[in-house]
Amino acid sequence: SIDASHASEFFQVEGLMVDEGTTMGDLRGLLDQFAHAMFGRDRPTRFRPGYYPFTEPSVAFDVQCVVCDGSGCPACGRPGWLTILGAGMVHPVVLQYGGIDPERHQGFAFGMGTERITMLRHGINDLRLFMENDLRFLEQFR
């Protein structure tokens, strides 16, 4: 059911990079740059093992909770960290299906919910506000 942090639909931004010599280090560097630009230069980040069907290895990318600064609160479920996106190295079979030689090329992919990132960035505590079409709420983000 729809509540302050879950909805039946959401928008997602996805990224894909495929090239010769692409590494998990490239993915980590890109995601760190994004997180630091979005949440502040000093905001700690981490990779955790995850599962996503088209990447191997897969990771959850976390930032230190922007609400409690890592001390633990209801927003982060008490661990002090928030998962902001899923990512990983593109599985070689996916590259093959795309007509790309996985012996020569590697790639990484990531996906993040735009509402979740916006909620964290601006301290919005209820996802339903995005769906209500209240111009007073929406116009503050011009």
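**Notebook: helix contacts, sheet and salt bridges**

**Entry 1. Helix 1 and helix 3**

I first looked up where the two helices touch: F34, A37, M38 and F39 of helix 1 meet I117, L120 and R121 of helix 3. Contact here means heavy atoms within 4.5 Å. Sorted by type, the residues of this contact comprise six nonpolar, no polar and one charged. For that sorting, Ala, Val, Leu, Ile, Met, Phe, Trp, Tyr, Cys and Pro count as nonpolar, Asp, Glu, Lys and Arg as charged, and the others, Gly among them, as polar.

I note that the model is predicted: local features need pLDDT of at least 70, side-chain atom pairs count only at pLDDT 80 or more, and totals for chains, interfaces and linings use all residues. Residues are numbered from 1 along each chain as its sequence is written, and side-chain values use heavy atoms, with hydrogens and water left out.

I then checked the geometry. The axes of helix 1 (residues 24–39) and helix 3 (residues 114–122) come within 10 Å and cross at roughly 45°. Helix 1 is therefore oblique to helix 3; angles under 35 degrees count as roughly parallel, over 145 as roughly antiparallel, 65 to 115 as roughly perpendicular and the rest as oblique. Axes are lines fitted to C-alpha atoms, for helices over the stretch in contact, and angles run from 0 to 180 degrees between N-to-C directions. Helices (H or I, at least four residues) and strands (E, at least two) are DSSP runs, numbered from the N terminus.

Within helix 3, I found E115, I117, M119 and L120 buried. Buried means under 20% relative accessible area, exposed over 50%, and partly exposed in between (1.4 Å probe, protein chains only). The buried residues of helix 3 pack against helix 1, strand 4 and strand 5. Just after helix 3, I recorded a positive phi of about 65° at G123.

I traced an open sheet of five strands in the order 1-5-4-3-2, with antiparallel pairing. Two strands pair if DSSP finds at least two bridges between them. Strand 1 (12–19) and strand 2 (45–50) are the edge strands, each pairing on one side only. On average, neighbouring strands of this sheet are turned by 25° against each other, direction ignored.

I followed strand 3 in both directions. Strand 3 (residues 55–64) pairs with strand 4 (residues 81–90) in the antiparallel sense over eight bridges, and strand 2 pairs with strand 3 in the antiparallel sense over six bridges. F61 stands opposite L85 in strand 4, and F61 in strand 3 is also the bridge partner of F47. A hairpin of four residues joins strand 2 to strand 3.

Helix 1 lies across strand 2, strand 3, strand 4 and strand 5 (106–113), and runs at about 130° to strand 2.

**Entry 2. Salt bridges**

I counted seven salt bridges in the structure. A salt bridge is a side-chain nitrogen of Lys or Arg within 4 Å of a carboxyl oxygen of Asp or Glu.

E20 forms one with R104, the closest N and O atoms being 2.7 Å apart. E20 lies in the loop between strand 1 and helix 1 and R104 in the loop between helix 2 (92–97) and strand 5, so this pair ties together parts that are 84 residues apart in sequence. E20 is partly exposed, at a relative accessible area of 44%.

D62 forms a salt bridge with R48, the closest N and O atoms being 2.6 Å apart. D62 lies in strand 3 and R48 in strand 2, so the pair ties together parts that are 14 residues apart in sequence. D62 is buried at 1% relative accessibility, whereas R48 is partly exposed at 31%.

R128 forms a salt bridge with D126, with the closest N and O atoms 2.8 Å apart. R128 is partly exposed at 34%, and D126 counts as buried at 17%. I also noted that salt bridges that share partners join R46, R48 and D62 into one network.

**Entry 3. Backbone checks**

Most residues other than glycine have a negative phi, and most peptide bonds are trans. I looked for departures from this.

A cis peptide bond joins E56 and P57, with omega about 0°; P57 is found in strand 3. R78, in the loop between strand 3 and strand 4, has a positive phi near 90° and is exposed at 55% relative accessibility. N133, in the loop between helix 3 and helix 4 (135–138), has a positive phi near 55° and is exposed at 58%.
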